Amino acid sequence: MRRRLALLFVVTLLAIGPAGAEGPAQPPGATATAWGIRVTPAGGAGAGTSTVVSPPSAAPAVESFAYPADGSIVSASSSTASVETAVERNASARAESVVTGLSIFKGEIAADAVTARGSAGTGPSGAGGNLLGTAVTNLVAEGQPVSSGRVALGDWGTLTVGSQSIDRSAPTGTRAYHTFATELDIHLTADHGGLPAGSEIQVGYVDVAAHTAPPPLPPPPPTTTTTTTTVTTTPTETAPGAVTTTTETTPDVPRGDSPRDRRQKPGTETRPAPLNVHPKLTAGHYVFPVYGAVSYGDTFGAARADVSFHHGDDIFGQLGQPLLAVADGTLFSVGWNRIGGNRLWLLDSQGNQYYYAHLSAFSTAAVNGAHVKAGEVVGFMGRTGDAEGTPYHLHFEVHPVAFLYLGYDGAVDPTPYLDAWSHEQDLPFPVLTGWAPNVPGGATAPEPGAILLGMSDISTAEGLDPASLRRALTPLRPSVLMQTLVPTQPAPTKDLGKG
């Protein structure tokens with residue numbers, strides 16, 4: 001008699017580890033340090049103003065300073081050091097040190113004010129920063145004015161103005177920016193004024209740093225499940241009993257998170273997004289950056305092949321049309337580059353920056369470090385750089401101080417400002433009705449290296465007779481001046497002696 005076949009299934013589930021997931025994302029970071037004065041005698045105990053550091057949040061340190069007690073080596077009416085850091089999606093750091101009424105060695109070295117400012121931050125394009133606003137006012141050393149660089153102090157020391165350093169090194173997968181500045185640094189090479197050789201006096205110090213978030217840690221190996229199935233058959237009269245064991249290991253994949261789902265979808269790469277904010281600009285009176293009739297539209301944020309997006313507006317006009325400083329401020333980066341062509345930057349007193357590009361030429365006022373007034377001519381409209389072949393225009397950008405840590409991507413839409421600023425119609429010199437006269441024969445005028453905006457011809461005056469000078473200085477009509485600049489061919493005269 002055939003025995004009944006019995007099947008016994010034994011299933012064993014062995015789970016290895018919990019369901020895997022990435023750990024919490026690491027945030028970006030920022031630090032800031034500032035102090036006003038530090039005296040370091042060689043081989044002795046030093047002295048200095050309070051140091052403020054962030055994080056954590058710290059209140060500004062405001063104090064006067066004297067070393068020693070009579071101030072014979074260093075004295076200052078006031079020293080203010082302040083720092084601030086913020087870490088959210090991005091990180092930012094700011095530090096400032098301002099020392100006023102500075103006197104070193106009883107006035108051998110003196111300054112009305114020593115200011116050091118630094119900022120750093122992270123953004124979509126990485127990390128950046130600057131030391132804009134760092135300066136010294138009315139610095140005098142041994143009776144001589146000093147503005148920058150390194151100067152010898154008699155036979156007893158050296159003075160360095162504006163020591164700065166930048167470090168962009170960062171761990172793999174991270175972007176970082178670290179900069180510091182010491183506005184005044186005095187080294188003694190011989191005993192002087194009560195300090196021994198080898199001593200050092202530093203004034204105005206800031207140190208800021210920011211780094212992007214480190215890449216996330218790799219996820220742990222996927223959880224696996226081992227399934228063991230045991231099949232046992234009882235012996236029969238014709239076959240011995242048998243035991244068969246099968247083991248299968250499969251990865252645990254959470255629902256909705258398959259390996260295919262975890263791949264980055266094409267076209268989802270992160271690109272810097274244009275800022276959609278318009279902070280108030282409070283550096284004083286602002287004017288429209290172009291004199292005369294123009295046209296412009298809001299093209300901020302439009303796609304561009306050579307940059308992440310269009311960082312400003314294009315203001316269209318005529319070749320050579322005067323370009324004006326939008327605010328009182330300081331010019332820097334005056335020169336040429338491949339994209340902007342002839343370009344310059346303007347820094348206003350609040351720290352905001354303005355970018356002018358594609359100029360045909362610069363005015364005589366446009367030199368690095370020059371201080372200009374709102375409405376002053378700084379250049380002339382053109383189409384240099386990557387604008388060749390396009391209509392003549394000014395590419396204009398606004399970079400508020402609050403977003404300078406984002407680098408070039410800290411620009412905001414200039415259209416609301418352009419709409420609000422007063423459009424200058426009168427300049428402090430005669431302006432021609434046309435900036436690029438037509439050349440006889442229809443030829444195109446060459447790109448100007450200079451633009452004649454007005455002139456006073458006194459060649460017709462009779463000596464120094466006042467009445468004659470007044471007549472000679474009467475402004476020429478634009479049409480007369482145009483003919484003077486580009487004389488036309490005289491019309492053929494009719495020969496009255498024939499026919």
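Predicted model: local features only at pLDDT ≥ 70, side-chain atom pairs only at ≥ 80, totals over all residues.
Seven strands make up an open sheet, running in the order 19-20-28-24-23-22-26 with antiparallel pairing. Strand 19 (295-296) and strand 26 (371-372) sit at its edges with a single partner strand each, so one side of each has no neighbour in the sheet. Strands here are DSSP runs of E with at least two residues, helices are runs of H or I with at least four residues, and both are numbered from the N terminus. Two strands count as paired if DSSP finds at least two bridges between them.

Residues are numbered from 1 along each chain as its sequence is written, and side-chain values use heavy atoms, leaving out hydrogens and water.

| Strand pair | Direction | Bridges |
|---|---|---|
| Strand 19 and strand 20 (residues 313-316) | antiparallel | two bridges |
| Strand 23 (residues 341-348) and strand 24 | antiparallel | five bridges |
| Strand 24 and strand 28 (residues 393-399) | antiparallel | five bridges |
| Strand 21 and strand 27 (residues 377-380) | antiparallel | three bridges |

In strand 27, Gly379 stands opposite Leu323.

**Strand 24 and Gln353**

How many of the residues of strand 24 are buried? Seven of the seven (residues 353-359), so the strand is largely enclosed by the rest of the structure. Buried means under 20% relative accessible area, exposed means over 50%, and partly exposed is in between (1.4 Å probe, protein chains only).

Gln353 lies in this strand and stands opposite His399 in strand 28. Its relative accessibility is 8%, so Gln353 counts as buried. Leaving aside residues up to four places away in sequence, Gln353 touches Leu132, Phe332, Trp345, Leu346, Leu347, Glu397, Val398, His399 and Leu404. A contact means heavy atoms within 4.5 Å.

**The whole chain**

Zooming out, the protein chain has four helices and 28 strands. Of its 499 residues, 39% are buried. Among contacts with a separation of 6 or more, 63% are between residues 24 or more positions apart. The accessible surface comes to about 27400 Å², and carbon and sulfur atoms hold 56% of that; the areas come from the Shrake-Rupley method with a 1.4 Å probe, and for residues only the protein chains shown count as cover.

As for confidence, the chain's mean pLDDT is 77, and 68% of its residues reach 70 or more. Over residues 1-21 the pLDDT is below 50, and that stretch has 38 contacts in the model beyond near neighbours in sequence. Residues 426-454 stay under 50 too, with 50 contacts beyond four places in sequence. pLDDT is the predictor's confidence in each residue, from 0 to 100.
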